[in-house]
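Q: I am new to reading protein structures. Can we go through one together?

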Amino acid sequence: MIYRIIDTRRACTKVYQSVVLLLTRLVMPQSQNSKAGSSSKFNWAAAKASKAAGPRAPGSKPVPESKSPDCLLGLSFVFTGELSSFSRDEATDLAKRYGGRVTLQPSSKTSYVVLGDNAGPAKLNAIKKHGLKTLSEDEFLTLIETRVGPGGPGGAPLDEKTRKKMEKEQDVIKAAAKELEKREKQEAKERKAKGAGGVSAKSDLGSQLWTTRYAPHTLKEVCGNKGQVEKLQQWLHDWSSSLKADFKKPGKSSMNIFRAVLISGPPGIGKTTSAHLCAKLEGFTPIELNASDARSKKLVESGMNINNLSLDGWMGEKQATNALGVTITDKTCIIMDEVDGMSAGDRGGVGALNALIKKTKIPIICIANDGGAQKLKPLKGNTFNLPFRRPEASAIRSRILSIVFKEKMNIPANVIDQLITGSQSDIRQVLNMLSTWRLSNDTMTFDEGKQLAKMNEKNTILTPFDVTNKMLGPYMFSHTARETLGDKMEMYFHDHSFVPLFIQDNYLKTEPAKIRDFNGPSKTLKHLALMDKAASSISDADLVDALIHGPEQHWTLMPLHAVCSTVRPASFLYGGGMGYGGANQMTFPQWLGQNSKQGKLNRQLSEVQIHMRLKVSGDKTEIRQSYLPALFHHIVIPLVDEGSSAVNEVIERMDEYYLSREDWDTIVELGVDQNKDEVILKKIPAATKTAFTKKYNASEHPIAFYKAMDLGKAPKKLAGGPAPDLEEAFDVDDEVPEVSDDEKQNGNEDDISGDKLISASKPKKTLNSVMMRSSKQVQPRGKVKPKN
């Protein structure tokens, strides 16, 4: 209910602003309105929000049947503006499905530009500059229906330039496939020769993983990041000269002053392969340690330190080996893969690796997926950062098509692009998908490739900010969205404790897509109705949350809480805003700070109630609601009105209710409305505050209660008789009469305490000895009476 009250206030404020804006537009003269419209610039925020919101009439135009599957082959398209029936992604997929090439910016090589509503001015200027042909949405669909590709009967032939380019690409693919076959035959001969010599051969090539079988052997076969690979190779090439110069000469790329390199980038783009390949090409022997190896501080120091030689190598005058048994030479290169994956089992490994880098005499290549990880901070000052990026689809397509041609598979280039895009340029994943598909099929259509990429899509962990952007964004609930209810609920489970708070704090900041077709007061009323539905759903979510986190803990209601707190409110108010060009930026949940402040004030209020309980009989709630507002005018307001002259009166009134200086701060902080702390503290002069604090600290004040340690000290002597049982009370205030010397001498004759021939330890007169009974006593000859 608290959420609904806050949301109602926000909604009323927003309605008031809308009414003021509407009245301003009605009062503005028509001439000024037209003048403002003529001088207005292109609204990029509105265009971006319209683009993200999707088409106005989705599905109103059917996709035509083409006369040939490659009807758009050889054509290049650029899409700008918003189409009425297809979203941007759907139109792009439609062009790629039929062999067309889609680019982002128009150029002289562009065949057609498909125009929609709110087209960008830069693209319109490029169309005029290059004299490009334009198509509407209907003309684009007609082109698909009527044009026959080069592969169809009577198809239009390709122009000479495009034909030569495609033939050249095919020749490159066939040449690369022949090179792969030649290499495999050579490896088969070598294995056969080794097998004849009695050496165990490797498994057949047909049983190898494609990632191993088609790993690059030359720098020409590496896909993407060519410049970074060349830098790494040059660093290894100059290693000997850098070592002689004691790493004081930077070199061409400023890398030669570092003894190690840190390669960072997403998985599957060839970081480890490039490191191994560069090391082998420069004559180094790579030694790799990855996440499957134990890399604690002790093992890193003993297993990698080149100065830690074994006795076998020293005594036998053999090649030096480290503690792991690996031969160490001046041509050894250490590759530490996945250094950001050093977990608790590798405690101290990063520090030991950093210490090794500072004094190593052989190159060290560190590889990480997240170069900005906090645990890698010690390495950043002693390593050269070499970031790898995801390669473009065009950089991977030729290599994948060569492998596909060699495996005798018939997969078009647009399908390969679909797999690369779906895997986020992860070459390793693309090869794994193709090798699995090859077991059952040797052909793949565009739809099959899209489905395969969807099945193997990587599950990334989203932050609450990302989830809120997606849920309240214009696409998640649009007519063209493909996410199911389960997918939307899955967004909630990325962080089920934070996502509802983000939604509740930001759902009123959007520009809902459901009201974009309304104008005037009807638009405002529709907006209010959507706000009411969303606020009601969030209130229902609070009730469900009380059952989940209550004493019975109904955790099976989590899916229901996901719908009420996240999915349903977002379904009403999705649209532009926040990260989609809107004026309102996303904010962190204010409830967290307010909840922490509420806990602090609750504890302070308890202290005030404890101090005032000798004067008042109310509980904490009554003191907050009744006593403090009345007391405020006697201990705070006089300092505002009278200044320093009211200090003595205020202190006397505080002493009357046993209030401390900290209690005064609490009462001021608990003020609301015109008595809010920010307002009151500004009205009290600084000199008055200083005089009040000094006067209070210099004087004595009554205290409502005393601690137990102030009751007094315990007496020095306690009763010397037998200790009572634990159930009996022992009064420490009773005085114990001392026994005279005559009474001691006239004691029992059987008492052995005065016999010099018998030594017995004297018990210490302490509180512990009085409260505990002696379990053992010295028994002399004959019957002895215990000492009183």
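Q: Which helix gives the largest share of the lining of the second largest cavity?
A: Rolling a probe the size of a water molecule over the atoms shows where empty space is left. A cavity is a set of points on a 1 Å grid over the protein atoms alone where a 1.4 Å probe fits but cannot get out; lining residues have an atom within 4 Å of a point. Here helix H7 (residues 160-196) gives the largest share, four residues. Helices are DSSP runs (H or I, at least four residues), and strands are runs of E (at least two). This is a predicted model: local features need pLDDT of at least 70, side-chain atom pairs count only at pLDDT 80 or more, and totals for chains, interfaces and linings use all residues. Residues are numbered from 1 along each chain as its sequence is written, and side-chain values use heavy atoms, without hydrogens and water.

Q: Which residues line the second largest cavity?
A: Leu 180, Arg 183, Glu 184, Glu 187, Arg 213, Tyr 214 and His 217.

Q: How many bridges join S5 and S8?
A: Strand S5 (residues 260-264) and strand S8 (residues 364-368) pair over five bridges, in the parallel sense. Ser 264 stands opposite Ala 368 in S8.

Note on methods. On a 1 Å grid over the protein atoms alone, a cavity is a set of points where a 1.4 Å probe fits but cannot get out, and a pocket is an open set with protein on both sides within 12 Å along at least five of seven lines; lining residues have an atom within 4 Å of a point. Two strands pair if DSSP finds at least two bridges between them.
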